[in-house]
Amino acid sequence: MLVDETPPSARNSRRAATNSASVFFAQLLSLGTSLGVTILMARYLGRDGFGLFSYALVFVNIFAMLADFGMQTILVREMARSRWKPAELLTGAVVIKGSLSLLAIALTISAAWTIGYPHKLFVVIAILAFSIPVSFKFYTFRAIFESHFNATLRMQVPMLFQLLDSLLLFGTIAALVYHHAGLETLVMAYVLCNLPGFFLTIYVATRRIKIRRTLDKKLIAFLLKESLPLWIYTILMTLAVSVDSFLLRDLQGEAALGIYSAALRLTSPLLFIPQGIAASLLPLLSRYHQESQGKKAIAFNLGMKITLLPAVALAVAATFLGAELIQLLYSEAYSDSVEPLIILMWSQAFFFLGYFFTNALTSANLQQMAYPAAAAMLLSNGAGGWILIQKLGPNGAAIAKFISHFVGFLVLVISTRKTFSLDWSQLVFKPIRYGLFLVIIFAILKHLHGNIFFVGAVGFLFMITLAWGVLNRDERALFSMMFRPTSVKSP
């Protein structure tokens, strides 16, 4: 039986607990406000306008990855380890990411101009390019100043500022929609509403850590060297999950992309589920990789299970509730988004598992083994999208993404099978049995009135997950350890 052998510090335990709770609460609120902004803009702009806006976001995100350079994880790791002084790390990162952010803005605008996009799309892309350094949604310049809070378990500080930006954006967009503002004005607000949180984050961070006037060249070289592998993987993954949107717009037009984006913007934020699970299990997997292969196997199979089951439940729910959800959020104009939503939600099961497998490889210092999966996803989504979108439109794009997530998952299974002991009953048979049981229950509850059905389905989901022997004794012990704060060294 697993026993938590980590001696907690009362002070740091409270800090860790507060950090986890505040981050989770702020994420939920930010997701809610972001969804509200998406709904407002989709309804107001219509399928063509929303498709144009979504395409511009995807385009800018590609170049934002240049400014990210995979450095966020490295900064947090090094600040936590105290190998370098925080002031040295912050100064080096400011120089690197500041330069890369300016370069990313210039390249974004130059690329849009060179491609020869229509004037309206070019203007929207040019405005959105200036969000690269200031938005909390990109791991660029602003993220440098959040790293200190992340490393010291004080993430409630930047999360509060992120929530401020989200609420300000929602209120501003609502007011602009009420006054019938144009798309360019809405996009300008989308950028400017990041500024209060941006400046507050920098102010609070630099009150704690002073930026130095001198640079450590060895540190600059170290940061670039350590970040490069993560940057390559990030670029591959960003392209892999974005190529379908580019193809859909070019092959079917902006209205088709608007239909697809309405579904995509409901599924992509759900990534916070595997992110939270991976963040909780990564320290345990890292420790067990050195201490105990038996415990590592239990932790890995637990991670697979609790990552996959919510994805299956959400997919079943979308299958039964998709039409009502699209109608409620977007109106009848987006009724064609129902089928892409269902397909994309099922694809999330493989994407969730892929995210967890990638973090598991990182815990064993094998993160480079995730490259083939990202490359396979890019190739399959590109080739599949090219074929399927021409025939099926938005549905084809969703099917291509489903195939790419499945292919990436299979490659990761091959990559992890020698390092981790895969329990196929947990990976295949239990989720299938669980999903079929949920289908039967949802089919029965479907006859109830809307809200009663929704509350009943969610309540039953939690009961069956807890009571149906989903977790064995060792897994329940490990599951409780995931949420038990451990000692963290203060800066």
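Predicted model: local features only at pLDDT ≥ 70, side-chain atom pairs only at ≥ 80, totals over all residues.
## Ground rules

Local features here need a pLDDT of at least 70, side-chain atom pairs count only at pLDDT 80 or more, and totals for chains, interfaces and linings use all residues. Residues are numbered from 1 along each chain as its sequence is written, and side-chain values use heavy atoms, with hydrogens and water left out.

## The overall picture

The protein chain has 18 helices and zero strands. Both are DSSP runs numbered from the N terminus: H or I over at least four residues for helices, E over at least two for strands. Of the chain's 491 residues, 54% count as buried. Buried is under 20% relative accessible area, exposed is over 50%, and partly exposed is in between, using a 1.4 Å probe and protein chains only.

## What sits inside

The largest nonpolar core has 110 residues, and Phe53, Leu128, Tyr330 and Phe357 have the most contacts inside it. Helix 1 (residues 10–68) is the top contributor to this core, giving 20 residues. A nonpolar core here is a set of buried Ala, Val, Leu, Ile, Met, Phe, Trp, Tyr and Cys residues joined through side-chain atoms within 4.5 Å.

Helix 4 (residues 119–129) is mostly covered, with eight of its 11 residues buried. Leu121 and Phe122 are buried, and so is the run Val124, Ile125, Ala126, Ile127, Leu128 and Ala129.

## Helix 6 and its two partners

Helix 6 (residues 156–178) packs with helix 7 (residues 183–192), their axes coming within 10 Å and crossing at roughly 165°. Axes are lines fitted to C-alpha atoms, for helices over the stretch in contact, and angles run from 0 to 180 degrees between N-to-C directions. Helix 6 and helix 7 are therefore roughly antiparallel; angles under 35 degrees count as roughly parallel, over 145 as roughly antiparallel, 65 to 115 as roughly perpendicular and the rest as oblique. The crossing is right-handed, a label for the near helix being turned clockwise from the far one by less than a right angle, with anticlockwise giving left-handed. From helix 6, Leu169, Thr172, Ile173, Leu176 and Val177 meet Thr185, Leu186, Ala189 and Tyr190 of helix 7.

Helix 6 also packs with helix 8 (residues 195–208), at about 165° with the axes 8 Å apart. That pair is roughly antiparallel too, and the crossing is right-handed. Here Val157, Phe161, Leu164, Asp165 and Leu168 of helix 6 meet a helix 8 set made up of Pro196, Gly197, Phe198, Leu200, Thr201 and Val204.

## Around helix 10

Helix 10 packs against helix 15 (residues 394–416) at an angle of about 45°, with 9 Å between the axes. That makes the two helices oblique, and their crossing is right-handed. Ala256, Ile259, Tyr260 and Leu264 make the contact from helix 10, while helix 15 brings Pro394, Ala397, Ala398 and Lys401.

Two residues of helix 10 get a closer look. Glycine 258, in this helix, is buried at 0% relative accessibility. Glycine 258 and serine 54 are 204 residues apart in sequence, yet 7.2 Å apart in space, C-alpha to C-alpha. Leaving aside neighbours within four places in sequence, glycine 258 touches Arg47, Phe50, Gly51 and Tyr334. Threonine 267 also belongs to helix 10 (residues 254–267) and is buried, with a relative accessible area of 2%. With neighbours within four places set aside, threonine 267 is in contact with Leu341, Leu344, Met345 and Gln348.

## Two positive phi angles

Histidine 180 isn't a glycine, but has a positive phi of about 60°. Histidine 180 sits in the loop between helix 6 and helix 7 and is exposed, at 65% relative accessible area.

Serine 331, likewise not a glycine, has a positive phi of about 90°. The loop holding serine 331 runs between helix 12 (293–330) and helix 13 (338–363), and the residue is partly exposed at 21% relative accessibility.

Methods. Contact = heavy atoms within 4.5 Å.
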